[in-house]
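Hi everyone, thanks for coming.

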Amino acid sequence: MPLGSYDEEKGPVNLGENRTKFITQAAYVTPISEQFSLHLIGEYTFFGDNDDFGASDISREQDDQYGYQVHLNYHISDTTTASLNYYHDFGGEQKLLG
């Protein structure tokens, strides 16, 4: 839920984006052996429009974004894990003024 306020005159230093963003993930996690596990994650992001982007009334739009992540984990101990990770995203093209 968007909370707080956005001030376009602050330029690039803003905590908010003046738009709604919805991110959802689905994950499959499985042990491969006693010391290795595999995480497969799919992600979808929907972006609302920012109709007040920058110092003037510029509209910023962004296409939906899809991605996946693969994590191979080596469990060194109960409290320590080393990981080999891969991330890939598709889409998310941004448009200003159409």
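This is a predicted model: local features need pLDDT of at least 70, side-chain atom pairs count only at pLDDT 80 or more; totals for chains, interfaces and linings use all residues.

Residues are numbered from 1 along each chain as its sequence is written, and side-chain values use heavy atoms, leaving out hydrogens and water.

Back to our strands. A strand here is a DSSP run of E with at least two residues, numbered from the N terminus. Strands E3 and E4 (residues 58–62) run antiparallel and are joined by 2 bridges; two strands pair if DSSP finds at least two bridges between them. In general, strands of a sheet pair through backbone hydrogen bonds.

So what is the order of the strands in the open sheet? It is E3-E4-E7, 3 strands with antiparallel pairing. E3 (50–53) and E7 (94–96) each have a single partner strand and stand at the edges, so one side of each has no neighbour in the sheet. From one strand to the next, the twist averages 30°, taken between the N-to-C directions of lines fitted to C-alpha atoms, on a scale from 0 to 180 degrees.

Now for a salt bridge, meaning a side-chain nitrogen of Lys or Arg within 4 Å of a carboxyl oxygen of Asp or Glu. The structure holds 1 of these. Asp63 and Lys95 form it, with their closest N and O atoms 2.9 Å apart. Asp63 is in the loop between E4 and strand E5 (65–75) and Lys95 is in strand E7, so the pair ties together parts 32 residues apart in sequence.

Are these two buried or exposed? Buried means under 20% relative accessible area, exposed over 50%, and partly exposed in between, using a 1.4 Å probe and protein chains only. Asp63 is partly exposed at 30%, and Lys95 is partly exposed at 25%. Leu84, by contrast, counts as exposed, at 61%. You'll find Leu84 in strand E6 (residues 81–91).

Last stop: a hairpin. E1 and E2 form it, with 4 residues between them. Strand E1 (residues 21–31) and strand E2 (residues 36–47) run antiparallel, joined by 11 bridges.
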